[in-house]
Amino acid sequence: MAAAKTPKPEELMAIRHEPPATPWMETPTVFRPGTWSYSGTPKSLTALGFPNPRAWQPSDADWKLPENWQSIILEGMAERLEKYRSFRLFMDICVRCGACADKCHFYIGSGDPKNMPVLRAELLRSVYRRYFTQSGKLFGRLAGARDLTIDVLKEWFYYFYQCTECRRCSVFCPYGIDQAEITMMGRELLNLVGCNINWVTEPMANCFRTGNHLGIQPGGVKDMLEFLAEDVADRTGVKVEVPLNRKGAEILFVIPSGDYFADPGTYTCMGYMMLLHEIGLDYTFSTYASEGGNFGLFTSHEMIKRLNAKIYAEAKRLGVKWILGGECGHMWRVIHQYMDTMNGPSDFLEEPVSPITGTRFANARTTKMVHIAEFTADLIRHGKLKLDPSRNDAYRVTFHDSCNPARAMGLFEEPRYIIKNVCNHFHEMAEDTIREKTLCCGSGAGLGNEENEEMRMRGGMPRAMAVKAVREKYGVNRLACMCAIDRAALTALMDYWVPGVAVTGVHELLANALVMQGETERTTDLRGEALGGRAADEAV
Ligand code: SF4
Ligand code: SF4
């Protein structure tokens, strides 16, 4: 199926934020090309043990559902209302104050009222009322209740796959209603009848087969890391090691596969390797735990648990003391918000202590997993790294707080501290678009696929406009972030909305500035571009 052609930016900008012509329950869902994702393939669903594997597409009239699909979903809803107190609470307590209404990037970028968080939740609440509340059973529509029909199911699919589970709306909700949790429940219920998207199910199936989303076999992981080590040697003259599956190493290092497989993540990966070599850390990569990302977060709680377990199983097998994690997004939401009750306590590991500075990471006392930004910021704070920020002088840098490290774990200061120590030119975006109010890239939660490009560009538009403002004011040409999905998604977003701004990981910037022992005279950055904006033949 060919992907739809994405309209030009000036066409997308013509957004109408107007009330719909018909009441929302009577407004049909139109699967417009460019705004939805292809279905999960039978092969992936079978590999994952998901129900109803079949060939179908959301644009088909017949979704080939099981005959008793309504009862499957309603039983699934009853089970989850019983199991997750938060789900029942979020179904009951919204007062429709509207504080969240204009906070979703998909609503801002599309003008579609069903992309208002309050209305997105109502898609599910209306069915909850009809079958699980007295008022809904007695008064139906009058009580905001409606039957679960095939059109309702299609509407769920369309709009729960137009939510990136970014949780920005929750920051503004006086009741703390977490829309991401509601979307997750909506997706779980859709899964029960075999309705999901391939950009989520295929990476998960790959993960179970080879250890990572991209389906790279262990030999391929080794080749990629060795290839990056050769690139480091070319740029710096320093030969960094590639420790793999090493039993007895002190630390297991887990990164998203996008970091060793695709540009610009590869430069971030080179940055990690240079840093860990320079400080002489006793660590190992793993070809089994070769993925930090966890697409279970976009699928079901059961899947989160299954995928997260392998990192800890590998830590146990290798006999490490603790785990260091790379610049991933949703891996950190899983670690900080689910790990302890899903697969914890990880008592076979030790409370992480930096072997270089002696700092005890008490915040990781239970998960035993430290974010590399915390680890690196601590090294800098203790004066353990020799840094030359002028090597990044060609760059005017701004920082995008990736939704999960920012909102799920409050990691605001560490990346900024690193960037300010390795770059001379750093400029923040507008206050209401950063830190806990950060705007999503528009492509998270499995939506970063080609066929959904128009919706991604719409959803990413508010973030892109904030970058555009600092580009026009300060000449910003580098957008730093700490998430592998962001590195891919923001690159496409910048090309579309703000050409001239390249995307970088924080540890790529760090590695440019890192003065390594035994390095040869460095004339280029990790991308092979002239260091510090000087001519490549100038000495540094
Ligand atoms: S801000 Fe919270 S309470 Fe208000 S409408 Fe949105 S979800 Fe409901
Ligand atoms: S995409 Fe983010 S802001 Fe929009 S409804 Fe989902 S969680 Fe809320």
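Me: Where is asparagine 52 found?

Reply: In this predicted model, for which local features need pLDDT of at least 70, side-chain atom pairs count only at pLDDT 80 or more, and totals for chains, interfaces and linings use all residues, asparagine 52 is found in the loop between helix H2 (42-48) and helix H3 (69-83). Residues are numbered from 1 along each chain as its sequence is written, chains are lettered from A and ligands numbered from 1 in the order in which they are written, and side-chain values use heavy atoms, with hydrogens and water left out. The helices (H or I, at least four residues) and strands (E, at least two) are DSSP runs, numbered from the N terminus.

Me: What makes the phi of asparagine 52 worth a remark?

Reply: Most residues other than glycine have a negative phi. The phi of asparagine 52, by contrast, is near 55 degrees, which is a positive value in a residue other than glycine.

Me: What is the peptide bond from aspartate 263 to proline 264, cis or trans?

Reply: That peptide bond is cis, with omega near 0 degrees, and proline 264 is found in the loop between helix H13 (258-261) and helix H14 (265-278). The peptide bond from glycine 344 to proline 345 is also cis, with omega near -5 degrees, and proline 345 is found in the loop between helix H17 (339-342) and strand S4 (369-371). As background, most peptide bonds are trans.

Me: Why is helix H8 called oblique to helix H10?

Reply: The axes of H8 (residues 150-160) and H10 (residues 179-191) come within 10 Å and cross at roughly 130 degrees, where axes are lines fitted to C-alpha atoms, for helices over the stretch in contact, and angles run from 0 to 180 degrees between N-to-C directions. Angles under 35 degrees count as roughly parallel, over 145 as roughly antiparallel, 65 to 115 as roughly perpendicular and the rest as oblique, and therefore H8 is oblique to H10.

Me: Which residues make the contact of H8 with H10?

Reply: On the side of H8 they are Leu153, Trp156, Phe157 and Phe160, and on the side of H10 they are Gln179, Thr183, Gly186, Arg187, Leu189 and Leu190, with contact meaning heavy atoms within 4.5 Å.

Me: How do the residues of this contact divide into nonpolar, polar and charged?

Reply: They divide into six nonpolar, three polar and one charged.

Technical notes: Ala, Val, Leu, Ile, Met, Phe, Trp, Tyr, Cys and Pro count as nonpolar, Asp, Glu, Lys and Arg as charged, and the others, Gly among them, as polar.
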